[in-house]
Amino acid sequence: MLRLKRIGISTSRENVVFLSRACTTYRAAAFEGQEKVEVVANGQRLVATLNLVDDPSILPPDCLGLSEQAFARFGQAEGVEVRLDHPHPPKSREGLQAKIEGRELDEACFRAIIDDIAHHRYGKVEVAAFLVACGSFMTTAETLALTRAMADAGEQLHWPGAPLVVDKHCIGGIPGNRTSMIVVPIVAAHGLMMPKTSSRAITSPAGTADTMEVLANVEVDLDRMRTIVAEAGGCLVWGGHVKLSPADDVLISVERPLNIDTREQMVASILSKKKAAGSTHLVIDMPVGPSAKLRSADDAARLRKLFEYVGDAIGLSLRVTLSDGSQPVGRGIGPVLEARDVMAVLENRADAPADLRDRSLALAGRILEFDPALRGGAGLARARDLLDKGAALAKMQQIMALQGPPPRIATLGALSRELVADQDGRVAAIDCYRIARIARLAGAPFDPGAGIDLLKKVGDPVQAGEPLYRIHAERAVEFRFACGLAAEASGYAVNGNGKEKGPTP
């Protein structure tokens with residue numbers, strides 16, 4: 001037996017075990033060729049990737065180390081006696097192989113695969129193989145089966161006494177689109193229950209949870225979440241603590257670096273979490289634009305039908321709305337700047353971004369029309385009234401107070417540089433992907449004050465030397481990276497000739 005040691009190394013979502021090459025209890029060479037080993041102690045078993053350690057100052061020969069994530073999942077104290085086993089192949093391996101070969105799987109096979117993924121019995125190679133196989137061939141029935149399997153693999157939230165539990169989701173790809181932080185307080189102020197769990201950014205400059213964390217604490221457990229929703233009617237919290245559809249988090253961590261984003265996986269990912277969260281009614285926002293995830297009306301129509309089919313089958317009352325995805329929403333990209341825009345809308349300030357306000361009202365209106373007490377078409381007017389009269393702001397302030405203060409005070413990054421137009425004309429287009437990438441290089445969302453402040457939008461007139469946008473950063477290295485990328489190509493096209501003009505820093 002070896003003594004368990006916690007190794008202060010983050011390995012993202014992967015379980016990693018460390019064994020000294022000088023260990024006398026186990027011959028390292030006997031395990032070195034294996035991708036996985038199994039750690040056993042007190043009836044607990046953990047499948048992990050094996051790494052060998054040569055430095056005794058990191059790991060003594062009589063110890064077995066676990067990475068930070070693996071140690072937390074194993075749930076055993078440092079110093080307990082542990083042993084190593086050769087792992088049994090996951091039960092779902094035959095189903096995975098069948099999918100790789102292009103065969104159609106039934107729901108039982110998907111449930112077995114998702115269970116193994118959720119319990120970290122698959123390595124990244126196996127998860128990637130599953131994603132690629134599903135991306136190559138997947139039927140509508142399989143998409144439904146995958147959605148059900150993912151929804152049932154984690155926590156299931158229930159909201160007794162609430163006939164309507166509403167939610168919204170945007171499929172993403174448009175920077176600055178922080179409508180949820182305006183929609184939730186409007187809907188909750190009306191009296192509908194909207195327990196909103198949101199994600200953090202993976203490859204974008206900010207997720208809803210990152211932006212909300214500028215204003216309030218988002219890391220609340222399930223019991224606290226229930227208390228907040230019971231009192232305020234809504235919340236805006238990070239979904240990581242409530243463990244909804246945990247297999248989805250693993251799948252996302254692999255599919256994003258590989259740039260795998262199929263319609264089927266998107267539908268299963270979104271709807272499984274909404275079902276697990278106890279939602280009964282859902283609005284899906286699908287932006288369409290030249291640099292959005294959906295480039296054409298035909299793409300949107302196909303995705304819409306898939307959402308509606310799966311939503312109906314799992315008992316969700318679902319409405320899909322198409323929106324303008326031709327440019328970023330609002331002016332701020334990055335947590336602090338996006339929070340500024342959200343509060344400007346809620347406070348009805350004269351300088352509030354009109355596009356963020358209008359999109360939020362439209363989505364809130366669609367959600368409010370789930371309420372049978374509202375006559376058809378009255379949702380938008382009701383949403384506007386709640387926003388204009390301050391009810392939405394008061395509700396947001398209540399939600400923020402109940403969730404508690406943010407973990408730190410976030411301020412706008414002090415390092416800044418303006419990118420200016422090199423000719424007179426009008427802004428013809430803004431590349432959402434390029435702008436998001438520049439903001440990400442500037443440090444967003446890890447540095448909440450990093451990002452981009454858009455000073456011009458599509459259709460705005462510009463003169464040579466006039467600023468198009470301002471980059472903000474907190475760290476000199478990231479500031480240099482962002483400015484370098486922007487100097488190569490600004491993401492702005494001026495004068496509508498389709499040819500992007502190089503900015504002048």
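Which side chain does a polar contact of 2.9 Å join to that of T49? Please keep in mind that this is a predicted model.

1. The partner is E14: its side chain and that of T49 are joined by a polar contact of 2.9 Å. T49 also makes a polar contact, side chain to side chain, with K36, at 3.2 Å. You will find T49 in strand β4, which covers residues 44–53. Because its relative accessibility is 15%, under the 20% cut-off, T49 counts as buried. Leaving aside residues up to four places away in sequence, T49 touches E14, N15, V16, V17, E35 and K36, so both polar partners belong to the list of residues touched by a residue that counts as buried.

2. Next, the largest nonpolar core. It has 64 residues, and the members touching the most others are I186, M212, M225 and L346. At least two residues come from each of α7 (180–190), α9 (222–232), β9 (234–238), α13 (335–346), α14 (354–368), α15 (379–388) and α16 (391–403). The biggest contribution is from α13, with seven residues. As background, nonpolar side chains tend to be buried together in soluble globular proteins.

3. Not counting residues up to four places away in sequence, M225 touches L157, W159, P195, T197, V220, C235, V237 and V242.

4. Helix α6 (residues 140–152) has 13 residues and spans 19 Å from first C-alpha to last, close to the expected 18 Å. Its buried residues are E142, T143, L144, A145, L146, T147, A149, M150 and A151. These pack against α3 (93–100), α4 (107–118), α5 (124–136), α10 (246–255), α11 (263–276) and α12 (297–313).

5. Some backbone details are worth checking on screen. Most residues other than glycine have a negative phi, and most peptide bonds are trans. H120, in the loop between α4 and α5, has a positive phi near 60°. H120 counts as buried because its relative accessible area is 16%, under the 20% cut-off.

6. S245 is another non-glycine residue with a positive phi, here about 50°. S245 sits in the loop between β9 and α10. With 0% relative accessibility, S245 counts as buried.

7. Lastly, which residues does a cis peptide bond with omega of about 5° join? They are A444 and P445. P445 lies in the loop between α17 (432–441) and β15 (451–454).

Technical notes:
Residues are numbered from 1 along each chain as its sequence is written. This is a predicted model: local features need pLDDT of at least 70, side-chain atom pairs count only at pLDDT 80 or more; totals for chains, interfaces and linings use all residues. Side-chain values use heavy atoms; hydrogens and water are left out. Helices (H or I, at least four residues) and strands (E, at least two) are DSSP runs, numbered from the N terminus. Buried means under 20% relative accessible area, exposed over 50%, partly exposed in between (1.4 Å probe, protein chains only). A polar contact is a pair of N or O atoms within 3.5 Å; within protein, one must be able to donate a hydrogen and the other to accept it, and residues adjacent in sequence count only if both atoms are side-chain atoms. Contact means heavy atoms within 4.5 Å. A nonpolar core is a set of buried Ala, Val, Leu, Ile, Met, Phe, Trp, Tyr and Cys residues joined through side-chain atoms within 4.5 Å. The expected span of a helix is 1.5 Å times one less than its number of residues.
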